[in-house]
Amino acid sequence: MITFKNLYDNVNLKEIASRGNIKVLEYQRDLSVTPEQAVTAYYASEMNVRKRQVLIELVGDAYTISAGAMQWTSGAVKMGADVKGIGDLFGKAISSKVTKESAVKPKYEGTGLLMLEPTYKHILIEDVGEWGGIVLEDGLFLACQSKIQQKVIARSNLSSAVLGGEGLFNLSLHGEGLAVLESPVPRDELVEVNLNNDEIRIDGSFAIAWSSSLEFRVEKSTKSLVGSAISGEGLVNVYRGTGRILMSLVD
């Protein structure tokens with residue numbers, strides 16, 4: 001039997017979000033600083049620049065996490081590679097070459113606790129089933145239930161993606177279960193856009209996640225070169241169809 005002191009009852013470690021058996025813990029202040037770092041640490045905390053950690057309470061289920069993201073585990077928790085065979089390993093190796101994701105992600109399963117490494121990024125917990133499949137910008141994936149399918153999808157028009165400075169491929173999650181994302185901005189600064197057989201044009205990579213049902217292309221802002229020159233915009237990201245988008249309003 002394992003018991004913890006100064007974890008759940010730590011006054012400096014606040015639970016700011018939870019969903020299912022996932023908890024997001026946030027350090028209210030950084031107490032491990034030197035006198036020289038104290039001023040910076042104080043103003044960082046005041047501006048919501050705080051360390052956050054994800055605690056997953058495993059209850060006989062399994063989670064796949066980003067490589068290197070585990071800090072500690074307790075209880076009857078075992079780690080393995082989330083690979084289903086040689087063919088799956090080969091496919092994941094190819095996928096890692098076209099995205100910023102690791103080829104093989106560790107899978108933790110059993111009964112106990114799984115704590116992930118601290119991060120200064122903001123944590124989002126998304127229900128993949130509610131999205132009907134979700135596509136992520138590079139670097140957002142932190143963890144998900146292992147029953148969720150991960151696959152790499154290509155942009156609709158690769159040539160314009162290259163011209164627009166966008167990546168050619170994205171990680172897509174499908175199935176039923178929860179996913180944990182590391183967002184560069186907090187949920188309070190994200191706008192959720194719901195499209196119903198419509199389209200939205202976004203100048204830049206402000207959309208951090210979107211429904212896999214949406215068609216995503218990179219296109220000229222107008223049909224003519226003169227129009228693009230007048231508008232001051234060149235290529236824009238275009239999302240068409242029915243689905244949802246999480247969009248940041250800050251760069």
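Start by selecting strand β9 (residues 149-154) and β10: six bridges join them, and they run antiparallel. Strands here are DSSP runs (E, at least two residues), helices are runs of H or I (at least four residues), and both are numbered from the N terminus. Two strands count as paired if DSSP finds at least two bridges between them.

Before moving on, note that this is a predicted model: local features need pLDDT of at least 70, side-chain atom pairs count only at pLDDT 80 or more, and totals for chains, interfaces and linings use all residues. Residues are numbered from 1 along each chain as its sequence is written, and side-chain values use heavy atoms, with hydrogens and water left out.

**Stop 1: around β10**

Pick Gln-150. Its opposite number in β10 is Leu-173.

β7 and β10 pair in the antiparallel sense over three bridges. Click Leu-136. Its bridge partner in β10 is Leu-171.

Is β10 enclosed or open? Five of its six residues are buried, so β10 is largely enclosed by the rest of the structure. Buried means under 20% relative accessible area, exposed means over 50%, and partly exposed lies in between (1.4 Å probe, protein chains only).

Select His-174, which belongs to strand β10 (residues 169-174). His-174 has a relative accessible area of 18%, so it is buried. Then pick Ile-134. His-174 and Ile-134 are 40 residues apart in sequence, but 6.7 Å apart in space, C-alpha to C-alpha.

**Stop 2: strand β6**

Select β6 next. Six of its six residues are buried. Which residues point which way? His-122, Leu-124 and Glu-126 point one way, while Ile-123, Ile-125 and Asp-127 point the other way.

Bring in β11. β6 and β11 pair in the antiparallel sense over six bridges. Glu-126 stands opposite Ala-179 in β11.

A salt bridge here is a side-chain nitrogen of Lys or Arg within 4 Å of a carboxyl oxygen of Asp or Glu.

Compare the covering of the two partners. Glu-126 counts as buried because its relative accessibility is 5%. Arg-187, at 37%, counts as partly exposed.

**Stop 3**

Select Glu-192 and Arg-244. They form a salt bridge, with the closest N and O atoms 3.2 Å apart. Glu-192 lies in strand β12 and Arg-244 in strand β15 (residues 235-248), so the pair ties together parts that are 52 residues apart in sequence. Glu-192 is partly exposed at 38% relative accessibility. Arg-244 is buried at 17%.

Now select Glu-199, Arg-201, Glu-215, Arg-217, Glu-219 and Arg-240. They are linked in a network of salt bridges. Zoom in on Arg-217 and Glu-219, whose closest N and O atoms are 3.4 Å apart. Arg-217 is partly exposed, at 25%. Glu-219 is buried, at 17%.

**Stop 4: rings**

A search of the whole structure finds five aromatic pairs. Trp-210 sits in strand β13 (residues 207-211) and Tyr-239 in strand β15, 29 residues apart.

Rings of Phe, Tyr and Trp (its six-membered ring) pair if their centres lie within 6.5 Å; planes under 30 degrees apart count as stacked, over 60 as edge-to-face and the rest as tilted.

Both partners are covered. Trp-210 is buried at 2% relative accessible area, and Tyr-239 is buried at 1%.

Next, select Lys-51 and Tyr-27. The charged end of Lys-51 sits over the ring of Tyr-27, 5.5 Å from its centre. Then move to Lys-105, which lies over the face of Phe-141 at 5.3 Å from the ring centre. The rule: NZ of Lys or CZ of Arg is within 6 Å of the ring centre and within 35 degrees of the ring normal.
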